[in-house]
Amino acid sequence: MNKSGKSGAVARGFRLGKLGLSLVGSYAGYQAQNLLFGESTRAQRQARFHQKASRRVRDELAALKGPAMKLGQLMSMQTGMLPEEALQELATLQMRAPGMHASLARAQFKSSLGKYPEEMFREFDPEPFAAASLGQVHRAVTRDGEKAAVKIQYPAIRSAIENDFKLLRSATLPGQLSGHVPAALLDEIQRGVLEETDYLREADNLEFFGKGLSGLEYVAVPRVRRELTTDRVLTMSHIEGGTLSDLLKRKPSQAFRDLLGARLIEMYETQIQRLKALHADHHPGNYLFQPDGRVGLVDFGCVKRITFDVLELRRCYRHRTWRESEASARRFLALAYGRSVPYARARKILPITEKWCDAFYPQDVTADIVIDFRGDSKLDSKLREIRQQMRKRLLQDKLIDPEFAFVIRADLGLHYLLRELGAKVNISEVWRRVAAAAAGVGPG
Amino acid sequence: MSSLIFNMKRKTGGAQARATRGKRVKNKENTRKAILRAALELFAEKGFYHTTTKAISRKAGIAEGTLFNYFETKEDLALFFFEQELVEIIEWYERDRRMKRAALAEKLFAIIHQFLERLAPYEEFIGAVYLRALAPASKLSPWSLQTQERNLRYLRFIRGILAEAEAAGELPSVGDFGAYAFGLFHLAIITYWLRDRSRGKEQTLALLDRCLKLGAHVLRKGGWDW
């Protein structure tokens, strides 16, 4: 094994970490270690890395804010790329991160809108009530008396992101060459992050989803106040509700959990099937739960339009179409992993895909699929194993189609949410409802 | 009777003279301010280089010759401008209730930001003056005799704020050096701000915030974790 070359990459990874991109830096280091050590040492190192990384992620990302924070958040949904321990730390970051002090938030507001917030609102709370990925959110009351949430972006975030990615690219070059950090994935993350810096785009997204989800009477999407919005300040109506952990603290009944679970899935399915777009970060912080079962959706910064046929992909999963012939296997793989990946490499994923489908898409098509998301430890470890194998294959054979990676991330995000919620859901019924709504019958 | 009247006249005359002298000083101060106001308006409107002393005196309602009694050069005008700004910023700081509770980094941020906000309408003027201030013989140079009083007032102001933070345990003892260092940082930020072409000069905001946070961190930890 070429030790000096690999440890050079490790060193570089850690040095980069010190520059502020600590998460990415140590990840590169960790990946390099994986290649260096045998199983037992690796397990020890891995545990140590997880703890160290989690701590560092929490401390430094929270302190730095901005791009690194956003990267951390994106990667936290990138379940394949990060260990569970780090994920848990990241999940706590998402809602509460320190940000701009009142004077900076005011200054940035004025820099963008030309006036101070107190000149444009009836009331404006200088203390933020939530951290947004690239800024923070303040409570306000508009001149006409509407309760509003004002999202203010940290100044000059765009150029900071561009710089960070330049650094990240050069530092992860070894990882890119070895395929451990796919360049396409970096592109995808950068695109997503940069897109999120434009709040006007987010305003468009809010309006698009507000309209598209209006058929689901329990969904609340904030309304944009265009006259108080720029690319760096977004003013929208305030949505009531608490986070998932707030909800769980009240120990909701199983029936309520199941209802919410079904609603979350229906929202998700409506998005991918009918709107052909996904409210991006399916992480707990972006859902607000109200005691009456209404669900608020916030943060539409990073919306993903879907061009591939999700329903067709599902049909393939259910009928295991790749077994039929080589042609249908090719069709399935092109659908799932993009057309650029050679068939010979892509087909290696099929055995793992079969295992994956056994867990989620039973072949018995006559019965409804009911998934119990209340942590079944046996199923969990099985899924984790499948996921690990899948990750290994995906990385080794560079099977990352950015769009598919995104949907997997969103899928996993939703799955994680439902697990936390502990719901039991008849998915087939939800699918039927969505299909009926699409056919114009209307939900319910 | 006549002497009485005379005495009375003398008395009232003395009081009047004192009042007139006070009034004259006040008038003089008011005229200075009026000239500065007129000049700043013209700078904002026509630009620093295109504003003539004639136009300034006309706008301020005084004879052009009188103008030179108050300000010999545009540099003197700038000196007076900065003095006024400093006085007003110290007043603002002492009035502002939020500042009392804010953390040190926010206080210092707000002070520099207040300065920049006040300079913003006269950016070209400040830019021109700034270039001149670099000349060793300039009255505006931070080391010139003419700026010493203002500098000392500024340093005392900042030192007071740092001393409060030291007393509150927010900061290790930095002594007078802290205020000097902050003053230099302030100048550097103004230079950056003048060159900042980003929208709403948000790059300056980011730099200011990051530097102050980093500075506070370094001072607290007694070093920089390379």
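Visitor: What makes up the domain assignment of chain B?
Guide: Domain 1 covers 1-71 and domain 2 covers 73-226. Keep in mind that this is a predicted model.

Visitor: Which residues do the two domains of chain B bring to their contact, and how many from each?
Guide: Domain 1 of chain B gives 10 residues and domain 2 of chain B gives 11 residues. On the side of domain 1 that touches domain 2, eight are nonpolar, one is polar and one is charged.

Visitor: How many helices and strands does chain B have?
Guide: The tally is 10 helices and zero strands. Reading from the N terminus, the elements go α-α-α-α-α-α-α-α-α-α.

Visitor: What share of chain B is buried, and what makes a residue count as buried?
Guide: A residue is called buried if 20 or more other C-beta atoms lie within 10 Å of its own. In chain B, 22% of the 226 residues are buried.

Visitor: What share of the contacts in chain B join residues at least 24 apart?
Guide: Take the contacts between residues at least 6 apart in sequence: 58% of those join residues at least 24 apart.

Visitor: How many residues from chain B and from chain A take part in their contact?
Guide: Chain B puts in 16 residues, and chain A puts in 11 residues. Two elements of chain B, α6 (104-119) and α10 (202-221), each give two or more residues to the side that touches chain A. Of the elements there, α10(B) gives the most, with five residues. Sorted by class, that side of chain B has seven nonpolar, four polar and five charged residues.

Visitor: Now over to chain A. Why are β4 and β7 of chain A called edge strands?
Guide: Look at the open sheet of three strands, in the order β4-β8-β7 (chain A), with mixed pairing. Strands β4 (219-220) and β7 (287-289) of chain A each pair on one side only, so they are the edge strands.

Visitor: How do you know that β4(A) and β8 of chain A pair?
Guide: Pairing takes at least two bridges between two strands. Two bridges join β4(A) to β8 (residues 295-297) of chain A, so the two count as paired, and they run parallel. As for partners, A220(A) is bridged to G296(A) in β8(A).

Visitor: Which helix lies across β4, β7 and β8 of chain A?
Guide: That's α13 (residues 254-275) of chain A, and α13 runs at about 35° to β8(A).

Technical notes: Residues numbered from 1 in each chain as written. Chains lettered and ligands numbered in written order. Predicted model: local features only at pLDDT ≥ 70, side-chain atom pairs only at ≥ 80, totals over all residues. Contact = placed C-beta atoms within 7 Å. Helix = DSSP H or I, 4+ residues; strand = E, 2+ residues; numbered from the N terminus. Nonpolar A, V, L, I, M, F, W, Y, C, P; charged D, E, K, R; others polar. Buried ≥ 20, exposed ≤ 12 C-beta atoms within 10 Å, placed from the backbone. Domains from an automatic or database assignment. Axes fitted to C-alpha atoms, helices over the stretch in contact; angles between N-to-C directions.
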